[in-house]
Structures are given as C-alpha cells and as structure tokens.
Amino acid sequence: MMLRPVIPAFPAAPGQAASSASSPPAGRGALRLATCLAASLALLTPALIAAEPARASAKRVRLGNAADVSRSNWSGPAYTMNGSGAVVPATMTKAVDAIRGSTGTLDVVVVAGSAPTSGSATPECDTISALAGVNSCTTWTLTTRSDGNNSAANTDIRNAEFVYFAGGDQCDYADWKGTALQNSVKSVIAKGGGSGGGSAGHHINSSIVYDACEGSVTSDEALYDPYDPAITFTTGMFAWPNYANTINDSHFVTRGRMGRTMAFVARAIEDGLTTGGAAWGVGVEEGGSLFIDRNGTATVAGADTFVVLGDHRAERADPDRYLTYYDYKIWRLRPGQTYDFKNRPTCGYYLRSIVTGVADDNLYNGTPATNCA
C-alpha cells in the first residue's frame, strides 16, 4: 500500500505495443482537451476556483534514542533503491549492517516532501526503528524549497548515517537542488553512510532524475514523442560512486514503464546528459529493492529489477516524432541475483527495439545472451 501520494499514471499493460503511427495516444489528446476546458472555466468563473491551501511548515518526529551516535568511522557507503515507497526490511538491514560494520548502532533520517495520507505519521521510521543496529529514526516533512535550508533538518541529516527519501513526488525533491540539504546528504555518503528511497525516493537517487515536474508520462506517450513536455530531467543532484549515467524508474512492471524508460535512455544520450554515449535505466518493480554495496554490487530482493542499456544514439529521437531505437540491452534480475554497477556486464542481456513508436513484443522477458562479442 502506498503511504504517500504519487502522481497518477495510466499506462498500457506490460508488453503492450505503443499506439499506431497514424495518431497520438488518445490519453494525451484527452488531457489537452481537459486542459483547455479547465482554462476556459477559470476565465469564466474565477470565483469557483478555490485558492490553494497554504503548505505546512517543516515538521520533525523522532523515534528511538534522543541522542545521536558518536563514532568517527563508518564502513559504507551503501544504498537501497525501492520500486515502491515502503521500506524493504531485507535491503535496509543489509545497508545498516554494511555501514556500521555489523557493530554498534547508527542514526537514520527520513526525508518526505509531504505528510502520509493515512495511518502512521512516520511509516518509514516505524519499520526502520525495529531493525537491529538502529539507534534512532527521525522523520522530517519538508514541503517547500526553502525547507531545504532548514538548519535543524540539515543538522539532523549531517549527524545521521543514512538518509531515506520517502515516496511522493520527486519534483519536490529535485526542487532542493542548490539548497543546504543537497550538500548535507552528500556529506552522509562522504563519511561512509548511505542513501536510498522508494518510488519518488528511488528516482531522486539516480544521476539523471526523471523529475515529473511537468506531470507524469506513460510509455505510449513517451514512445510517441520522446520530447513530450512531461519528460523533464534534473541533473547534478546526486552522483553516487559507481552509479553514473543511471535513470531510475519505479512501479516498473505493474505500471508498464519499460517503454518510457527506453525513451528516457534515448533522450539522455541524445541530449548529452551522460558520459561515453550510453545510459542505463534501472527499473524496480513494486515490492522490489536493490541493495548496493560500497563496491557497486547490487543485489535484488523482493521483486524483479530491470537494467536497460542504451549504448548508442537513437536511429530517430526528435520532438513530435515517433522514437526509433534498435537493440536496447536488457537485464532482467530476479530476487537474489546481482548486477555490478562498477564493472558493468557486457553479456547476459536480451535485445528489444522500438520502431516508429512501436515496441517489440515481450519487453519484460527474453533469453539472455551467452555468446557476446
């Protein structure tokens, strides 16, 4: 169950082909029509449009010990990347143990851009606090860009050994680029701590962030136009060791997001957002999680993860034109399997293509190559 709101998306079922080349997806046309009608209504009846409620100020809730751990050496960094917002105990435990070297305890800060919509006020910390090796877990709800410079929040983050970004809206997190919070999180990694998150929190931890600041995009829409206005990126937020040139995506199979990740990869290469002319999409399914250790080795837990490599420019990636890209290399990783982000594999993938906006069949499964050039 999602505990924090996410921008809704209505993709095709996994593996479904993109819309035909004769017309754009119906969903995009309907959205544009609805937007026009809404604008007309606003002009005609402004009194009917309610003012946006004021956003709450920064809020802090701490569970566990009131005093932080005092210790000079840590054994990370370590990361968790989750396909949905909830903490996955198996990978969080691995991260905690890796950072503390399986001795002593550490402190965790959960950062959220919005309050939970139901249940506990601290859903992530409820899970984290119950894990062995955790001294405290503090939830900070920060709802404005200026909250990224909140001194108390930044003090807690800098004193912590792990920062977990909750589910919600990754645009809220991208808005903290250039604030003190960005550097505070980096300082946690620098001292051997860790970072991670779920859903929106997964997105913000990649080196190229699909920020969704102009709304969410479906696979059909992205393949119809890889320059759709809803495809926007934030770069330079975080650059974790061994995780360069990555674009994270979440709820991957359930919401049919392979197509849009393919479009993200093609765009990143076309726009020169990566080094070496290649980009890696990392799609984690709901309930799934990656634990990534200090050496860049990722281990899958809970549900499948897909790594989507584009290693050349698209045959066609232009505004208002269908995407054509031949031979994406895709690794399907099942729970227990690993992927080395430091020394990235050159075999074990299957190939899939996009031709004039239409995806190959069976995007989510294939026979891995064993005889690779």
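# Cores, sheets and ring pairs

Student: Where is Arg62 found?

Tutor: Arg62 is in strand β1, residues 59–64. Strands (E, at least two residues) and helices (H or I, at least four) are DSSP runs, numbered from the N terminus. This is a predicted model: local features need pLDDT of at least 70, side-chain atom pairs count only at pLDDT 80 or more, and totals for chains, interfaces and linings use all residues. Residues are numbered from 1 along each chain as its sequence is written, and side-chain values use heavy atoms, with hydrogens and water left out.

Student: Which polar contact joins the side chain of Arg62 to another side chain?

Tutor: The one with Ser136, at 3.0 Å. A polar contact is a pair of N or O atoms within 3.5 Å; within protein, one must be able to donate a hydrogen and the other to accept it, and residues adjacent in sequence count only if both atoms are side-chain atoms. A polar atom of the Arg62 side chain also lies 2.8 Å from the backbone oxygen of Asn65.

Student: What else does Arg62 touch?

Tutor: Leaving out residues up to four places away in sequence, its contacts (heavy atoms within 4.5 Å) include Asp68, Asp107 and Asp156.

Student: Switching to the core. Which residues touch the most other members of the largest one?

Tutor: Val111, Phe165, Leu290 and Phe341, out of 60 residues. A nonpolar core is a set of buried Ala, Val, Leu, Ile, Met, Phe, Trp, Tyr and Cys residues joined through side-chain atoms within 4.5 Å. Buried means under 20% relative accessible area, exposed over 50%, partly exposed in between (1.4 Å probe, protein chains only). Strand β3, residues 106–112, gives this core its largest share, six residues. A second, separate core has 33 residues, including Tyr210 and Phe252.

Student: Leu290 has a bridge partner in β12. Which residue?

Tutor: Val300. Strands β11 (residues 289–292) and β12 pair in the antiparallel sense over four bridges; pairing needs at least two DSSP bridges between two strands. The two form a hairpin with four residues between them, and Gly296 in the turn has a positive phi of about 90 degrees.

Student: Why is β12 largely enclosed?

Tutor: Four of its five residues (297–301) are buried, so the rest of the structure largely encloses β12. β12 also pairs with β15, residues 338–340, antiparallel over three bridges.

Student: And the open sheet, what's the strand order?

Tutor: β9-β10-β13-β14-β16-β17, six strands with mixed pairing. β9 (246–249) and β17 (358–359) are at the edges with a single partner strand each, so one side of each has no neighbour in the sheet. β9 pairs with β10 (residues 279–284) in the parallel sense over four bridges. There, Asp249 has Gly283 as its bridge partner.

Student: How many aromatic pairs does the structure hold?

Tutor: It holds 16. Rings of Phe, Tyr and Trp (its six-membered ring) pair if their centres lie within 6.5 Å; planes under 30 degrees apart count as stacked, over 60 as edge-to-face, the rest as tilted. Phe165 and Phe238 are a tilted pair: 6.0 Å centre to centre, 50 degrees between the planes. Phe165 is in β5 (residues 162–165) and Phe238 in the loop between β8 (233–235) and β9, so the pair ties together parts 73 residues apart in sequence.

Student: Phe238 and Trp240: why do they count as stacked?

Tutor: Their ring centres are 4.8 Å apart and their planes at 10 degrees, so the pair is stacked. Both residues are buried.
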